[in-house]
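Me: I'd like to go through this model with you, one question at a time. Could you start with the terms we need?

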Amino acid sequence: PTNRTFTMIKPDAAQDGNSGSIIKMIEEAGFRIVALKRTQLTVERAGEFYAVHSERPFYNDLCQYMSSGPIVPMILEKENAVADFRILIGATNPANADEGTIRKLFAKSIEANAIHGSDSDENAEIEGGFFFAHTEQF
Ligand code: CMP
């Protein structure tokens, strides 16, 4: 069935001028863009987005990094969107990412790993709602 996922191009990839190439890969893989913008998180708002990781040793660095520059959040639609998108982006650590994945091509490190992808339908809905009102989703 057609469903939605949430993604954001992270500051490393957005800063390097790779947003266009990444969006092109996403569209060529069959995802329809439902919502898209360029914005920047404060460290507090990054902390809220990643609250699920608040006990992890990398949490503070992650919040600093994710607020260090512009990001490009998007809601995407496709059959089997969550699972297929995670295949397209590749493993969290780019050292383990398959050839041809977005992270293999563009990620710098396990933290600056170019792009986010929701891990469940439920989180896709929550994360999309963090950035976009329903009146911004078409
Ligand atoms: P993502 O899986 O999109 O969401 C959690 C993020 O935390 C992850 O991408 C990385 O950016 C970061 N992250 C995950 N694991 C580590 C780690 N071991 N060290 C540093 N950053 C990490």
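Reply: Happy to! Two strands pair if DSSP finds at least two bridges between them. Helices (H or I, at least four residues) and strands (E, at least two) are DSSP runs, numbered from the N terminus. This is a predicted model, in which local features need pLDDT of at least 70 and side-chain atom pairs count only at pLDDT 80 or more, while totals for chains, interfaces and linings use all residues. Residues are numbered from 1 along each chain as its sequence is written.

Me: What pLDDT does the chain average?
Reply: pLDDT is the predictor's confidence in each residue, from 0 to 100. Here 100% of the residues score at least 70, and the chain average is 98.

Me: What ipTM does the predictor give the complex?
Reply: The predictor reports two scores for the complex. Its pTM is 0.97, and its ipTM is 0.93.

Me: Which residue in E4 stands opposite Ile-9?
Reply: E1 and E4 run antiparallel and are joined by three bridges. In that pairing, the residue of E4 opposite Ile-9 is Ile-115.

Me: And which residue is the bridge partner of Ile-9 in E3?
Reply: E1 is also joined to strand E3 (residues 72–79), by eight bridges and in the antiparallel sense. Thr-2 stands opposite Glu-79 in E3. For Ile-9, the partner in E3 is Val-72.

Me: Why is strand E1 largely enclosed by the rest of the structure?
Reply: A residue is buried if 20 or more other C-beta atoms lie within 10 Å of its own, exposed if 12 or fewer, and partly exposed in between, with C-beta atoms placed from the backbone. Strand E1 covers residues 2–9, and it is largely enclosed because the number of its eight residues that are buried is six.

Me: How many bridges pair E2 with E3?
Reply: Ala-35 has Ile-75 as its bridge partner in E3. E2 and E3 pair in the antiparallel sense, and the number of bridges is four.

Me: Is Leu-36 buried or partly exposed?
Reply: Leu-36 belongs to strand E2 (residues 32–36). Two residues are in contact if their C-beta atoms, placed from the backbone, lie within 7 Å, and Leu-36 has such contacts with Val-72 and Met-74, leaving aside neighbours within four places in sequence. Because Leu-36 has 18 C-beta neighbours inside 10 Å, it counts as partly exposed.

Me: What distance separates the C-alpha atoms of Leu-36 and Phe-132?
Reply: Along the chain these two residues are 96 residues apart. In the model, the separation of their C-alpha atoms is 8.5 Å.

Me: Where does UniProt place the feature "active site"?
Reply: UniProt positions are given in the numbering used here, feature names are shortened, and annotations may be inferred rather than shown by experiment. The entry is unreviewed, and it places this feature at His-116.

Me: Is His-116 buried or exposed?
Reply: His-116 is found in strand E4 (residues 115–117). Not counting residues up to four places away in sequence, it touches Thr-7, Met-8 and Lys-10. Because 22 other C-beta atoms lie within 10 Å, His-116 is buried.

Me: Which residues surround the ligand?
Reply: A residue is near a molecule or strand if its C-beta atom, placed from the backbone, lies within 6 Å of it. The residues around the ligand are His-53, Phe-58, Leu-62, Thr-92, Ile-110, Glu-111, Asn-113 and His-116.

Me: Is Lys-10 buried or exposed?
Reply: Lys-10 is one of the residues where the unreviewed UniProt entry places the feature "binding site". Its place is in the loop between E1 and helix H1 (11–15), and its contacts, beyond four places in sequence, include Asn-113 and His-116. With 24 other C-beta atoms within 10 Å, Lys-10 is buried.

Me: What is the phi of Ala-114?
Reply: Most residues other than glycine have a negative phi. Ala-114 is found in the loop between helix H6 (102–106) and E4, and it counts as buried with 26 C-beta neighbours inside 10 Å. Although Ala-114 is not a glycine, its phi is positive, at about 75°.

Me: Is Asn-80 buried or exposed?
Reply: Asn-80 also has a positive phi, near 55°. Its place is in the loop between E3 and helix H5 (81–89). Because it has 12 other C-beta atoms within 10 Å, Asn-80 is exposed.
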